[in-house]
Amino acid sequence: MKKHNYSAGPCILPQEVFEKSAQAILNFNNSGLSLLEISHRSKDFVAVMDEARALALELLGLQGKGYQALFLAGGASLEFLMVPYNLMKENGKAAYLDTGTWANGAIKEAKLFGETVVVASSKEQNYNHIPKGFTVPNDADYFHCTSNNTIFGTQMKVFPSVDIPVVCDMSSDIFSRVIDFSKFDIIYAGAQKNMGPAGTTLVIIKEDILGKNGRVIPSMLDYAKHIKAESMYNTPPVFPVYASLLTLQWLKNLGGIAAIEKINNAKAALIYTEIDRNPLFKGAAAIEDRSNMNATFLLNDENHAATFDAMWKAAGISGLPGHRSVGGYRASMYNALPLESVQVLVEVMKELESKI
Ligand SMILES: *Cc1c(COP(=O)(O)O)cnc(C)c1O
């Protein structure tokens with residue numbers, strides 16, 4: 001039986017994506033060949049890459065606005081260093097908002113290239129909220145933020161308006177809610193949180209911000225080279241790109257980001273209402289910053305953990321334990337998680353209450 005999969009990433013994908021990608025591994029486009037054994041330069045695969053790049057821009061509302069989409073390898077973590085390599089000047093500086101483990105990872109890499117200014121941090125409160133009221137220096141080469149903090153369950157609801165290029169790590173909430181994506185100059189997202197299997201990273205770049213920092217950039221780390229090669233500078237991760245394309249097609253057929261946002265809001269409302277109502281539980285993140293993708297919550301009395309754990313496992317739920325730095329539970333409700341899975345979890349939480 002299919003589990004209710006709350007894994008934080010790699011995570012649940014639409015069932016039709018699993019089925020169609022399995023089919024493509026056996027016989028791609030009725031070619032008598034597997035997707036895994038054809039040239040990435042073949043007409044059929046070039047069409048996959050082209051469509052994936054175009055569809056990503058279309059869904060984000062960025063077509064014809066000077067943006068390029070790339071499907072790179074190396075994970076979101078490689079973007080932590082590609083961003084400063086491509087945007088930070090020699091002896092330059094960059095501004096970062098520190099909202100959690102991943103933001104911190106990005107700051108650590110940027111420090112290798114120049115000065116980093118942390119405009120605000122919620123580290124002292126174990127990243128349970130998004131800092132507000134900070135100012136971004138307008139002489140920095142760019143401002144970097146993380147839209148959704150996968151581990152702590154916080155999400156930026158507003159983004160600062162600044163005059164310098166804005167870079168956003170959207171790994172865990174891209175394609176989940178309507179945002180004016182044209183406010184950003186670079187958006188990157190590891191596929192495995194909301195778009196596809198691990199192995200590729202979507203990078204969206206406003207082309208005119210490149211080529212200005214005067215650094216000599218190794219080819220594989222140079223966004224401009226990847227753009228020029230149409231995301232095929234070397235052999236791309238063909239399977240993750242194909243499965244990502246299938247997920248993007250699924251999303252488009254569903255009605256795009258506006259349609260999935262409604263479902264995501266309904267799922268989040270269901271779980272947070274229960275966390276707030278049920279006297280056995282409490283939320284881990286500040287209410288106004290709660291993530292619609294990763295709901296973090298705790299038992300008020302840890303002594304009930306064994307009972308609760310046995311109950312949700314028996315209900316066919318998987319992947320619920322929280323990250324070790326927060327503890328408790330984390331319900332990751334990415335695009336492909338059905339509303340019914342959240343209903344099952346809420347029922348288990350109610351049952352626990354009636355048992356105790
Ligand atoms: C998971 C995650 C990352 C790291 O992604 P990798 O692809 O494993 O490098 C970075 N940022 C955020 C917000 C994440 O959720």
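How many bridges join strand E12 (residues 294–299) and E14, and in what sense do they pair? Four, in the antiparallel sense. Some notes from going through the model follow.

1. Ground rules. This is a predicted model, where local features need pLDDT of at least 70, side-chain atom pairs count only at pLDDT 80 or more, and totals for chains, interfaces and linings use all residues. Residues are numbered from 1 along each chain as its sequence is written, and side-chain values use heavy atoms, with hydrogens and water left out. Helices (H or I, at least four residues) and strands (E, at least two) are DSSP runs numbered from the N terminus.

2. The three-stranded sheet. E12 and E14 belong to an open sheet ordered E11-E12-E14, with antiparallel pairing; two strands pair if DSSP finds at least two bridges between them. The edges are strand E11 (281–283) and strand E14 (329–332), each pairing on one side only. From one strand to the next the twist averages 35 degrees. Helix H8 (residues 305–314) lies across E11, E12 and E14, at about 25 degrees to E14. Angles run from 0 to 180 degrees between N-to-C directions, and axes are lines fitted to C-alpha atoms, for helices over the stretch in contact. Contact itself means heavy atoms within 4.5 Å.

3. Aromatics. Phe 297 stands opposite Tyr 329 in E14, and ring pairs link Phe 281, Phe 297, Phe 308 and Tyr 329 into a cluster. Rings of Phe, Tyr and Trp (its six-membered ring) pair if their centres lie within 6.5 Å; the count by this rule is eleven aromatic pairs.

4. The seven-stranded sheet. Here the order is E2-E10-E9-E8-E5-E3-E4, in an open sheet with mixed pairing. Strand E2 (67–72) and strand E4 (115–121) are at the edges with a single partner strand each, so one side of each has no neighbour in the sheet. The twist averages 20 degrees from one strand to the next. Strand E3 (residues 93–98) pairs with E4 in the parallel sense over six bridges, and Leu 97 stands opposite Ala 120 in E4. Helix H2 (residues 43–60) packs on this sheet, touching E2 and strand E10 (201–206), and its direction makes about 130 degrees with that of E2.

5. H6 against H7. The axes of helix H6 (residues 238–254) and helix H7 (residues 256–277) come within 7 Å and cross at roughly 80 degrees. The two are therefore roughly perpendicular (65 to 115 degrees by the convention here). Among the residues that meet are Trp 250 and Leu 254 in H6, and Ile 260 and Ile 263 in H7.

Notes: Parallel < 35°, antiparallel > 145°, perpendicular 65-115°, else oblique. Phe/Tyr/Trp six-rings, centres within 6.5 Å; stacked < 30°, edge-to-face > 60°.
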